[in-house]
Amino acid sequence: MIALVYSRPFRIVFKWQAIVTLAIAVLAGILAGWSGAWSALLGGAVSLVAGVVFAAVLGLSLGDGRPAGPGKPLRAMLRAEAAKVIAIVGGLALVLKTVDGIVHPAFFSAFTVAVIVFSMAFFVNEREPGKLGDG
């Protein structure tokens with residue numbers, strides 16, 4: 001499980017999410033002050049936490065990572081997606097219920113962009129650029 005969280009695609013996507021969240025927080029801070037910046041950081045954090053939940057559940061569901069057929073990876077992906085959705089709904093509800101003075105446009109903008117960035121993990125190659133593969 002730990003190896004999956006530290007895999008190159010997840011590391012890169014988590015960095016991208018953090019960068020996008022910080023950029024939106026700076027913009028929201030300029031436009032709406034500290035409340036806007038804080039709201040954007042919380043929105044991005046909900047997505048980051050959901051991504052970590054996804055990676056952890058996927059790693060635990062795959063086990064040794066050597067599936068005998070297509071069923072085990074498919075079930076693992078569905079479990080991980082379900083856990084991510086639950087983490088997103090819970091995180092959004094938690095922030096919206098507990099944080100006073102949230103700037104909704106900043107919060108939902110950072111959250112939405114971070115979720116979209118997470119989906120880009122599919123396009124990140126596992127191998128480091130410039131390094132030869134096994135074959």
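Mentor: Let's start with a word you'll need: a residue counts as buried when its relative accessible area is under 20%. Keep in mind that we're looking at a predicted model.

Trainee: Okay, what share of the residues in the protein is buried?

Mentor: Of the 135 residues in the protein, 36% are buried.

Trainee: And how many helices and strands are there?

Mentor: You'll find 5 helices and 0 strands. Reading from the N terminus, the order of elements is α-α-α-α-α. As for contacts with a separation of 6 or more, 70% of them are between residues 24 or more positions apart.

Trainee: Let's take a helix pair. At what angle do α2 and α3 pack?

Mentor: About 165°, and their axes are 6 Å apart. Angles over 145 degrees count as roughly antiparallel, so α2 and α3 are roughly antiparallel to each other. The crossing of α2 past α3 is right-handed. Sorted by class, the α2 contact with α3 holds 15 nonpolar and 8 polar residues, and no charged ones.

Trainee: How do α2 and α5 pack?

Mentor: Helix α2 covers residues 8-32 and helix α5 residues 104-118; the angle is about 160°, with the axes 9 Å apart. Therefore α2 and α5 are roughly antiparallel too. Here again, α2 passes α5 in a right-handed crossing.

Trainee: Which residues meet where α2 touches α5?

Mentor: From α2, they include Phe10, Phe14, Trp16, Val20 and Ile24; from α5, they include Ala106, Ala110, Val113, Val117 and Phe118. By class, this contact of α2 with α5 has 14 nonpolar residues, 3 polar ones and no charged ones.

Trainee: Now the rings. How many aromatic pairs does the structure hold?

Mentor: There are 6 of them. Take Phe54 and Phe118: their rings sit 5.4 Å apart centre to centre, with 80° between the planes, and that makes the pair edge-to-face. Phe54 belongs to helix α3 and Phe118 to helix α5, so this pair ties together parts that are 64 residues apart in sequence. Phe54 and Phe118 are buried.

Trainee: Which residues do the ring pairs link into a cluster?

Mentor: Phe10, Phe14, Phe54 and Phe118.

Trainee: Can we try single residues? Is Ala40 buried or exposed?

Mentor: Ala40 is buried, because its relative accessible area is 0%. You'll find Ala40 in helix α3. Setting aside neighbours within four places in sequence, Ala40 is in contact with Thr21, Ile24, Ala25, Ala28, Ala106, Phe107 and Ala110.

Trainee: One more residue, then. Where does Ser61 lie?

Mentor: Ser61 is in helix α3, which spans residues 34-62. Ser61 has 15% relative accessibility, so by the cut-off we began with it counts as buried. Apart from neighbours within four places in sequence, Ser61 is in contact with Lys72, Ala76 and Arg79.

How values were computed
Residues numbered from 1 in each chain as written. Predicted model: local features only at pLDDT ≥ 70, side-chain atom pairs only at ≥ 80, totals over all residues. Heavy atoms only, no water. Axes fitted to C-alpha atoms, helices over the stretch in contact; angles between N-to-C directions. Helix = DSSP H or I, 4+ residues; strand = E, 2+ residues; numbered from the N terminus. Parallel < 35°, antiparallel > 145°, perpendicular 65-115°, else oblique. Left-handed = near helix turned anticlockwise from the far one by under 90°. Contact = heavy atoms within 4.5 Å. Nonpolar A, V, L, I, M, F, W, Y, C, P; charged D, E, K, R; others polar. Buried < 20%, exposed > 50% of the residue type's maximum accessible area, 1.4 Å probe, protein only. Phe/Tyr/Trp six-rings, centres within 6.5 Å; stacked < 30°, edge-to-face > 60°.
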